[in-house]
Number of protein chains: 2
Amino acid sequence: MVIPLVMDLMAGNGHAGVFFEAGLLTCLTGGLVALASANAVGERLSIQQTFLLTTGVWVVLPFFGAIPFVVGATEASVTDAYFEAMSGLTTTGATVFNGLDDLPEGLLLWRSMLQWFGGIGIIVVAMAFLPELRVGGMQIFRSEAFDTSGKVLPRAAEIASRISIVYVILTVVCTLCYIGVGMGFFDALNHALTSISTGGFSTRDASFGAFQGPPEYIAAIFMILASLPFVRYVQLMTGTARPLFSDSQIRVFLIVVTGLVIFLTGYRMIVNGDNPEHSFREAIFNVTSIITGTGYASVDYQLWGPVPVVVFFFIGLVGGCAGSTCCSVKIFRYQLLFRAIETQIRRIHSPHGVFTLKYEGRSVGEDVISSVMAFVTMFVVSLGILTVLLSATGLDFVTSVSGAAAALANIGPGLGDIIGPAGNYATLSDTAKWLLTAGMLVGRLELMVVLVIFTARFWRS
Amino acid sequence: MVIPLVMDLMAGNGHAGVFFEAGLLTCLTGGLVALASANAVGERLSIQQTFLLTTGVWVVLPFFGAIPFVVGATEASVTDAYFEAMSGLTTTGATVFNGLDDLPEGLLLWRSMLQWFGGIGIIVVAMAFLPELRVGGMQIFRSEAFDTSGKVLPRAAEIASRISIVYVILTVVCTLCYIGVGMGFFDALNHALTSISTGGFSTRDASFGAFQGPPEYIAAIFMILASLPFVRYVQLMTGTARPLFSDSQIRVFLIVVTGLVIFLTGYRMIVNGDNPEHSFREAIFNVTSIITGTGYASVDYQLWGPVPVVVFFFIGLVGGCAGSTCCSVKIFRYQLLFRAIETQIRRIHSPHGVFTLKYEGRSVGEDVISSVMAFVTMFVVSLGILTVLLSATGLDFVTSVSGAAAALANIGPGLGDIIGPAGNYATLSDTAKWLLTAGMLVGRLELMVVLVIFTARFWRS
Ligand SMILES: [K+]
Ligand SMILES: [K+]
């Protein structure tokens, strides 16, 4: 089945081949999950198998995803093609291709689809697998709406189907909105696919610089919607809107975004002397783009001055809500970290009082706290190591540290002249590209999933 | 008492005045502690009083410490003088003065003495106060050798006297060693004062660039000795050497330093083609200087290439052992963070097992874990905020982020052309200097001590 499709692909060379390939990818994903299901008939997927399956899928799929870039008009090297496919499937959105405007539409759509499939894939993994794997504190979401059986795969299938409906609806509505503000169908579809997945691939080298004006507002709205926990939309569909409004993660996220937009709008107006609408539009678009980890650029915000540069670096380390397509540290971990500070201050005040750390009204066990701590530590250590390794390929400090952050947090653009919002990853060395590829994978799977596999303990039984 | 001394000082203008001033400072420190003791007669110092006393001492003393810089040959502005004094008393070692080589010896000695007193002060605070205050996980050191009574101040006095003896002995031996390798008495004494306090002020603009060769080895040895927990030396004096060798914090610290020295020696030899002795000497000196947060520079390591720059940035965030004069995150917190990852991996492997996080054979309570987490979060958040504020004064990204790190971790030099190992803080704006001054204070007092005071809860009772 695989070989004829590859043949088709090579013959078609344009649209047709690419679409067959898309079908191939979908079959493969389905096939892997089906295979895993078959293995797990009657019994739950073991923890080890779940780790290997999750990591395996994200290592293997980019090879297939890379084929169109090698045989297509881009004629990319294996490194570039795998980088681009990984950047797609992890929803990072860093690109090694120059001249996007001149690429065949099939290839552009392929890139967008990689992100779209990667986005839905990660929501399912985050909701179905990670809480079971107790990774990065995700176990606090175990008792979420979907906690029906204890088996991993039946839950995964159920979650996937419900979430998919929401995901498709959001994508369709987003496409229509983009068309409504004047974008052509092809651009609208592609940007809808990469907005809802917070992926950030564009059809233009100038990214949203080519669509300044109303499309920026549409993008901002849908990037925010894509950063909320998708389980809330599923609940909304079944008629319960209350969880959507009572979710403290959503509330904190919206407050942070609003605060940053007000700050940067003010900064643009007062410091840069820009007009209110333009300041507000650029602020809301770029803040949303970076904090959600989408990574569209409508302008080189490095020209705004040193403050925005630093702000954009740090907000990339925030991320959206858990259970969305967003990567990075994510709001709920910051909530837990700040709860720890609050509890700490209470304890200092009343040394003999007993204070438990609470989240959403439930008390949070030591298990969750120490796994959030493990996540944050791994994030910082990975950032440090990746930065050192990138600098060893000859890159300067800013490019290394922002590139490492942009890969680990699946943002896309970094800082500086090379990989900043006005640049891309084309000129980096192959070594740097492979390092970043590894960074995207490790970051996308919440660090611990990949790293656990490299422990002796994992293989002992 | 104060006025005549200030008169003396202004008349003397050189050595004499400065030494009177030193006496004044010592009297003041003693006076404050005595005052506090008097208040606490018969009852323990309240938690609130301890927080206020600790912060108060580090805010007020620099004003007195700054006087010689205003009236002395430097004729510094209040901003510069307070910055320099705070940089001294927090053992940061960032300087705003050019032309150190031409300053009167009295002023140079004054700078060194500020660091030396600041160093002994912080050890006492870290050992006597912080465990009681449950700040940043320091409560795991509560059951250390000194846990005699439960009262804060009697312990403080006892600890201060025992530690002081060790501190003085180390300083004298260090001075003699510097003299032994050919440094003059004055340079030897000053550098001993700032080595044992891991402070990093030098008598020369070129810092250790003026003493290349054997003095670098002496400095490396004493910076390492100054980064170990001083309680171990006290135990050694009373005849028990075992704790010194069984302390896992010391072991991890020495392993990390050794690994880094081997790596950078190799890098210098292979990548830069330098000779073995020179590579080793520069590696051990500069690694030790930055990881202990001393901040001496013997060479501009930014010229070695991008890898060392990145490495030096990150090792500044490591720090030495708790209970020494070192600042930054410190080894024991990294140990706890990595224990959390290890425990996490165990839990993933055996979801139904019960695993407690252990340190030095004792199980670590949730209290300690969440306060380490609070510390790390506050460190990263403070770093982010300070970086943004510094960039708002017009500084570039590298200067802002490395300056913020160098202040919070009390290292001294940052990266880049302005505040890097070859530069100093003289040209920064007054606003930037005050921001950095605040950063040094907050970092020196383990972040929470200062921040707790700004909470409403603190003032409620
Ligand atoms: K992205
Ligand atoms: K220092």
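Which residues of α4(A) are buried? I looked this up in a predicted model, where local features need pLDDT of at least 70, side-chain atom pairs count only at pLDDT 80 or more, and totals for chains, interfaces and linings use all residues. Residues are numbered from 1 along each chain as its sequence is written, chains are lettered from A in the order in which they are written, and side-chain values use heavy atoms, without hydrogens and water.

**Entry on helix α4**

I noted that the buried residues of α4(A) are A:T79, A:D80, A:A81, A:Y82, A:F83, A:E84, A:A85, A:M86, A:S87, A:G88 and A:L89, where buried means under 20% relative accessible area, exposed over 50% and partly exposed in between (1.4 Å probe, protein chains only). Because eleven of its twelve residues are buried, α4(A) is largely enclosed by the rest of the structure. I then looked for the cover, which includes α3 (47–71), α5 (105–133) and α18 (430–444) of chain A; helices here are DSSP runs (H or I, at least four residues), numbered from the N terminus. Just after α4(A), I found that A:T91 takes a positive phi of about 60 degrees.

**Entry on the two chains**

I looked up the meeting of the chains and found 54 residues of chain A in contact with 54 residues of chain B, contact being heavy atoms within 4.5 Å. The area buried between chain A and chain B is about 5000 Å², and carbon and sulfur atoms give 77% of it; this is the accessible area (1.4 Å probe) that two parts lose on being put together, summed over both.

Key
Helix = DSSP H or I, 4+ residues; strand = E, 2+ residues; numbered from the N terminus.
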